[in-house]
Amino acid sequence: MVDIALKQTKVEIEEGMDLAKTLNIPIIYFDLDKSNIRPDAAIEIAKYCR
């Protein structure tokens with residue numbers, strides 16, 4: 001079990017904002033009409049899960 005301390009912050013979200021930039025998350029690409037994570041996207045996600 002790993003305990004991770006997170007800092008809670010509030011961000012004002014407005015219609016039309018780029019959420020990836022606002023929330024500082026990478027863009028994750030999916031294949032058309034698919035919901036599974038592509039191998040190249042899994043690498044990007046793993047960078048943020050360390």
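Author: Let us begin with exposure: a residue is called buried under 20% relative accessible area, exposed over 50%, and partly exposed in between, with a 1.4 Å probe and protein chains only as cover. Ile-13, with a relative accessible area of 45%, is therefore partly exposed. This is a predicted model, in which local features need pLDDT of at least 70 and side-chain atom pairs count only at pLDDT 80 or more, while totals for chains, interfaces and linings use all residues. Residues are numbered from 1 along each chain as its sequence is written, and side-chain values use heavy atoms, with hydrogens and water left out.

Reader: What percentage of the residues count as buried?

Author: Of the 50 residues, 4% count as buried. Accessible areas come from the Shrake-Rupley method with a 1.4 Å probe, and for residues only the protein chains shown count as cover. For the chain the accessible surface comes to about 5,300 Å², and 55% of that belongs to carbon and sulfur atoms.

Reader: Which residues form a nonpolar patch on the surface?

Author: A patch is built from residues with over 30% relative accessible area and no salt bridge; like charges are joined within 9 Å, and nonpolar side chains (Val, Leu, Ile, Met, Phe, Trp, Tyr) within 5 Å. Here the nonpolar patch consists of Val-11, Ile-13, Met-17, Leu-19, Leu-23 and Ile-25, with about 490 Å² of accessible area together. Ile-13 is found in the segment before helix 1 (19-22), whereas Leu-19 is found in helix 1. Leu-19 is partly exposed, at a relative accessible area of 41%.

Reader: With which residues is Leu-19 in contact, leaving aside its neighbours within four places in sequence?

Author: Contact means heavy atoms within 4.5 Å. On that basis Leu-19 touches Ile-13, Asn-24 and Ile-25. The C-alpha atoms of Leu-19 and Asp-31, twelve residues apart along the chain, are separated by 20 Å.

Reader: How many salt bridges are counted?

Author: Side chains of opposite charge can pair when their charged atoms come close. The criterion is a side-chain nitrogen of Lys or Arg within 4 Å of a carboxyl oxygen of Asp or Glu. The count comes to two salt bridges. Arg-38 meets Asp-31 at 3.6 Å, N to O, and Arg-38 meets Asp-40 at 2.7 Å, N to O. Through shared partners, these salt bridges join Asp-31, Arg-38 and Asp-40 into one network. Arg-38 is partly exposed at 24%, as is Asp-31 at 39%, and Asp-40 is partly exposed at 40%.

Reader: Where is Asp-33 placed, and is this residue buried or exposed?

Author: Asp-33 is in the loop between helix 1 and helix 2 (39-48). At 75% relative accessibility, Asp-33 counts as exposed. The phi of Asp-33 is near 60°, a positive value in a residue other than glycine.

Conventions
Helices (H or I, at least four residues) and strands (E, at least two) are DSSP runs, numbered from the N terminus.
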